[in-house]
Structure formats: C-alpha cells, structure tokens
Amino acid sequence: MSGAVPMTRRRMLALTALASAALFGCGTGDRSTVRLASGEDGGFYFAFARLLADAAANETDTVRIEPVETAGSQQNLRMIADGEVETALALADSVGDFGSRVLALGRVYENYLQLAVRADSDVEQIADLRGRRVNLGAAGSGAALTGARLLAAAGLDPAAGVVIEHRPLREATRALTDGGIDALLWAGGVPTAALTVPDPMRLLDLGALVAPMRAEYGPVYDHVAIPADAYPGSPAVHTIGVTNLLLATATLPDETAAAIVELLLWHADALVPAEAAGTQFLDGRFLIGTGTVPLHPAAAEVYRRWHG
C-alpha cells in the first residue's frame with residue numbers, strides 16, 4: 001500500500017476499540033466473532049480469509065474472524081442473505097439482486113479469469129471448445145456464473161455441444177491432468193496454488209472477449225494481463241478481471257465493521273497470499289471502489305478519516 005497516511009495509527013485504533021462481547025455467538029474474551037464465507041481450500045478466497053483471521057487475532061482486541069470454507073461467491077451471497085454468516089467474499093458480477101441486502105467493507109482485490117488446458121492440447125482459442133468438456137467452477141461459485149456468460153459472449157451456446165461440468169477446483173485439475181475434461185475455468189488470483197498441477201498446462205487468451213462482456217453485462221469486467229510463466233511454461237495472455245468485494249450484513253455493528261476495515265488498511269501486506277503475482281491487492285486508494293454496492297457507514301467513516 002502506498003501514499004501518505006493522514007492520521008496516526010493510535011488515533012485510528014481508538015476508533016475501533018469499543019466492540020460488544022455479545023455479538024454473533026461465542027467470542028474470545030471481549031472479542032465479537034464474525035463468520036466469513038470464503039471459498040475453496042486452495043483458492044485465494046480461502047487463503048485471504050485465513051490471513052485476515054490471523055491479522056485479527058494478532059492485531060485487534062475487537063474482533064475474531066472465523067473463515068468458513070465454501071464453493072465460492074454464489075453460495076457466499078446466499079449464506080450472508082440467510083444470516084448464516086456476517087461477512088462474505090464475492091465477485092462483483094455475482095452480487096446482482098443481493099446488492100440491496102448487503103453492504104461493502106471494501107474492494108479487496110481483482111480476480112482473473114483463467115481458462116486452462118493441457119499444454120499438449122489442440123485447443124488454441126475458446127472457439128475450439130465446441131464439442132469439448134469444460135469445467136466452469138464448482139456449483140455455487142462465481143466462476144460458474146461468469147463462465148456461462150463467457151461462453152455466451154464467445155458464441156458457444158448450447159447448440160455448440162460444449163459439455164459443462166461443475167467440479168471443485170482440485171477435482172477439476174486432476175480431471176484436466178487425466179484427460180477427463182478438456183478445459184477448466186477458474187476465477188482467482190495469479191497464480192492459484194491448486195492450478196499448479198504436475199503436468200504442464202497453459203492458459204487461453206480471453207482478451208478479445210472483454211469488450212463483448214462489458215457491452216452485455218456492464219463495466220464490472222476489466223482487461224488485465226497475466227505474465228508469462230505465471231504457471232510453469234504458460235505464455236503471457238490477456239484475460240478478464242473481476243473485482244472482489246468483502247461484504248457484510250447491514251446489521252454488522254459499526255465497531256466491528258470499523259475494526260475489519262482497520263485491518264484492511266493497516267495490514268495490507270500481511271493479507272496477500274505468498275504465491276500472489278500480478279493481482280492488485282488492498283490499496284487504500286481502491287478499497288472504496290465498491291461499484292453499486294454501498295459501503296457500510298462505519299467503513300465509509302474509516303476511509304474518510306484515512307483519506308483525510
């Protein structure tokens with residue numbers, strides 16, 4: 001995170017030191033416990049949630065964060081809407097109608113769509129997937145929704161004969177290695193550890209689909225680059241980036257929301273998974289860019305004080 005910080009850490013911490021011990025079930029000492037719906041083990045959502053939980057345990061007496069492993073964005077949104085969790089990670093394009101039922105704590109990083117094939121595959125572009133077997137992420141993941149949009153934008157409608165599967169990531173990588181599927185789509189950080197399979201793989205270039213995706217679904221999609229050798233032997237490609245949001249229920253108490261935003265601002269470096277490369281994480285200038293999802297009032301107040 002760069003840029004001058006206009007107020008002292010001591011003053012910022014004073015803003016978030018007043019949480020109630022009776023929030024959301026059992027806590028640790030005087031800390032409130034906040035459940036965070038994350039993603040699959042092996043993906044960035046789950047890694048980020050664990051790092052955020054560690055930062056909360058080490059740096060604040062206000063909040064304890066309990067990561068919850070899930071299939072991803074769509075399941076997370078249902079869980080937060082149903083009151084099963086207090087916070088959740090979700091792709092911005094998955095929010096949809098849930099946007100009126102949640103508030104944002106921040107834009108945390110950018111997910112990259114990664115369409116992977118075996119290195120020896122004859123699939124050179126997305127159009128070559130006609131008649132092939134493609135995994136579009138686990139059921140309940142953001143990739144499942146974005147992947148359907150991606151195929152439609154590429155003209156691969158049901159008549160194209162693409163066989164869609166929805167396996168969890170680790171299972172899908174094994175199927176790709178074994179030849180059980182021809183391609184898999186993943187929405188995550190670069191590189192994603194679970195995609196580093198024993199056999200070489202490469203990524204297809206999706207840059208040409210950014211414009212039709214934006215034209216059909218709005219500016220939630222960005223044109224981004226994945227560098228060469230992000231995965232061993234994989235060429236540099238362009239692809240589609242999608243904003244990740246850290247969301248909260250509207251009933252999340254101000255003190256708790258402020259404490260979590262405090263962690264995002266002051267401990268950004270500790271919240272980047274060690275393997276991350278080429279993804280934009282937790283810059284105070286961009287955390288407030290939550291699009292159509294409004295900020296939690298306490299989050300907005302912390303950002304306002306931080307920016308000065």
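A pocket, on a 1 Å grid over the protein atoms alone, is an open set of points where a 1.4 Å probe fits, with protein on both sides within 12 Å along at least five of seven lines. This is a predicted model, in which local features need pLDDT of at least 70 and side-chain atom pairs count only at pLDDT 80 or more, while totals for chains, interfaces and linings use all residues. Residues are numbered from 1 along each chain as its sequence is written, and side-chain values use heavy atoms, with hydrogens and water left out.

The largest pocket holds about 370 Å³ of space, a volume being the space filled by probe spheres set on the points. Its lining (residues with an atom within 4 Å of a point) comprises 19 residues, among which Ala 92, Val 220, Thr 290, Gly 291 and Thr 292 lie nearest the centre. Two or more lining residues come from each of helix H4 (92–95) and strand E10 (237–249), and the largest share, three residues, belongs to H4.

Helices (H or I, at least four residues) and strands (E, at least two) are DSSP runs, numbered from the N terminus, and the protein has nine helices and 10 strands. Of its 308 residues, 55% are buried, that is, under 20% relative accessible area with a 1.4 Å probe and protein chains only.

In helix H3 (residues 73–81), the buried residues are Ser 73, Asn 76, Leu 77, Met 79 and Ile 80. Because these buried residues fall within an arc of 160° seen down the axis of H3, they line one face of the helix, the arc being that of the directions from the helix axis to the C-beta atoms. After H3 comes Gly 83, with a positive phi near 80°.

Terms used
Buried means under 20% relative accessible area, exposed over 50%, partly exposed in between (1.4 Å probe, protein chains only).
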